[in-house]
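Here is a short tour of charged side chains, for you to follow with the structure open.

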Amino acid sequence: MTENEVAVINVGQSDFGELEGQRVTEFGSRAVREALLSSSVEPDDIEEAYIGNVATTAQDQTSVIGQAILREVGVTGIPVIRVENACASSTCAFQEAYKRVQSGESDIVLAMGVEKMTGVPTEVTLKDMAGAADAEVEGAMGMTFMGLYGMRANAYMNQFGNVREELADIAVKNHDNGLKNPRAHLQLNVDRDDILESRPISDPIRLLDACPMSDGAAAAVIARGEIAEELVEEPIYVDAAEMLSGNYLEEVEFWREELDERVAQKAYSEAGIGPDDLDVVEVHDAATIGELMHYEGLGLADRGEGASLVRSGDVMLDGRTPVNPSGGLKSRGHPVGATGVAQICELVWQLRGEAGARQVENPSIGLAQNSGGALVGEGGVSTVTILSNR
């Protein structure tokens with residue numbers, strides 16, 4: 001072990017879904033409590049906390065949300081920092097916590113994400129989310145996130161051919177996985193025809209290609225490696241945590257995940273591995289075309305070959321590189337501020353062999369890719385986190 005190694009001690013997650021009548025402090029503290037109770041970490045051991053949250057209008061607690069949640073579990077009197085970076089907010093919170101531990105500034109730090117999105121009319125939440133794109137220019141022209149995914153799907157199919165059926169199969173795969181995840185939002189038993197016959201949203205994107213809007217929270221306690229080994233039997237090591245934003249001033253190739261390619265290369269270099277070494281992957285599948293393009297951005301397939309991973313079954317739960325065993329955003333749900341740390345939770349459970357009916361076979365290395373926002377059709381941020389059980 002090197003001096004600067006960092007490990008996840010434990011994680012916790014609330015149910016994801018329409019948590020009617022529940023306050024963010026209730027389900028947020030539930031996630032933190034689970035992360036603390038399953039380890040030997042006491043509330044007084046937490047030295048800092050980073051909270052990912054976008055704060056939609058469905059949420060009464062729009063500020064000091066970290067302090068409000070942590071008060072419920074007795075974590076007080078420490079630096080608490082809220083991090084907002086659209087759908088990647090909590091991964092960015094995780095990365096800030098990771099850097100604080102890696103630098104030696106702190107020994108034990110909490111990272112979490114929380115969001116409430118339901119309980120208000122859909123158009124209200126969609127207006128909130130429009131602020132995660134270029135609201136001043138593109139928003140005024142009617143650009144929405146599903147509109148952008150539709151444009152990218154058309155550009156991809158113009159470049160590489162029709163993958164409409166493979167996109168439906170990605171949705172079916174993730175819903176099958178979600179049926180094995182008791183915390184998942186959408187527990188749907190669907191087939192290819194259900195996806196292809198669902199209501200059009202933004203051609204060729206249909207309703208069942210898109211993720212739901214959800215409520216939920218997720219938390220992770222991280223520490224210096226030697227401390228983690230004293231506290232838990234099986235710490236999960238953070239081998240890479242990278243984040244980049246788009247270029248914006250250059251012409252965008254809508255059929256390509258150029259931002260993923262750049263951040264993935266940084267993460268692989270940091271971890272000293274390549275895509276062929278991955279045993280389990282979680283990606284940001286806000287729409288099915290997003291998951292397919294992430295396969296290529298992360299190097300799991302060559303450009304234009306992402307659909308081949310679906311046809312071969314490589315990305316299935318029993319495939320060569322299972323993708324989104326949690327059900328992904330598509331089925332587990334997408335409380336935007338919590339999604340990134342929920343991906344971390346899934347990797348930790350998988351790497352410890354604790355994922356129950358959706359457990360993949362003997363994984364050693366896992367990767368989580370999380371996207372956030374967009375400008376001129378390019379991602380606002382993409383993050384890649386690599387974990388291992390050594």
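A salt bridge here is a side-chain nitrogen of Lys or Arg within 4 Å of a carboxyl oxygen of Asp or Glu. The model you are looking at is predicted, and a search of the whole structure finds 24 salt bridges in it.

**A bridge across the sequence**
- Arg-224 and Asp-107 meet through their side chains in a salt bridge, at 2.8 Å from N to O.
- Arg-224 belongs to strand β7 (residues 216-224), while Asp-107 sits in the loop between α3 (89-102) and β4 (108-115), so this pair ties together parts that are 117 residues apart in sequence.
- Asp-107 is partly exposed, with a relative accessible area of 27%.

**A buried pair**
- Glu-346 and Arg-358 form a salt bridge between their side chains, with an N to O distance of 2.9 Å.
- Glu-346 lies in helix α13 (residues 339-351) and Arg-358 in the loop between α13 and β10 (365-375), so the two tie together parts that are twelve residues apart in sequence.
- Both partners are buried: Glu-346 has a relative accessibility of 2%, and Arg-358 has a relative accessible area of 7%.

- Salt bridges with shared partners link Glu-253, Arg-256, Glu-261 and Arg-303 into one network.
- Within this group, the side chains of Glu-253 and Arg-256 meet at 2.8 Å, N to O.
- Glu-253 is partly exposed, at 34% relative accessible area.

- The cut-off for a salt bridge is 4 Å between a side-chain nitrogen and a carboxyl oxygen.
- Asp-285 does have a polar contact of 2.9 Å, which joins its side chain to that of Asn-174.
- You will find Asp-285 in the loop between β9 (280-282) and α10 (288-297).

**Negative charge on the surface**
- Asp-191, Asp-193, Asp-194 and Glu-197 come together in a surface patch of negative charge.
- One of these residues, Asp-191, is placed in the loop between α6 (164-178) and α7 (192-196).
- Asp-191 counts as partly exposed, because its relative accessibility is 39%.

Terms used
Residues are numbered from 1 along each chain as its sequence is written. This is a predicted model: local features need pLDDT of at least 70, side-chain atom pairs count only at pLDDT 80 or more; totals for chains, interfaces and linings use all residues. Side-chain values use heavy atoms; hydrogens and water are left out. Patches are made of residues with over 30% relative accessible area and no salt bridge: like charges are joined within 9 Å, nonpolar side chains (Val, Leu, Ile, Met, Phe, Trp, Tyr) within 5 Å. Accessible areas come from the Shrake-Rupley method with a 1.4 Å probe; for residues, only the protein chains shown count as cover. Lys and Arg count as positive and Asp and Glu as negative; His and the chain ends are not counted. The place of a charge is taken as NZ of Lys, CZ of Arg, CG of Asp or CD of Glu. Helices (H or I, at least four residues) and strands (E, at least two) are DSSP runs, numbered from the N terminus. Buried means under 20% relative accessible area, exposed over 50%, partly exposed in between (1.4 Å probe, protein chains only). A polar contact is a pair of N or O atoms within 3.5 Å; within protein, one must be able to donate a hydrogen and the other to accept it, and residues adjacent in sequence count only if both atoms are side-chain atoms.
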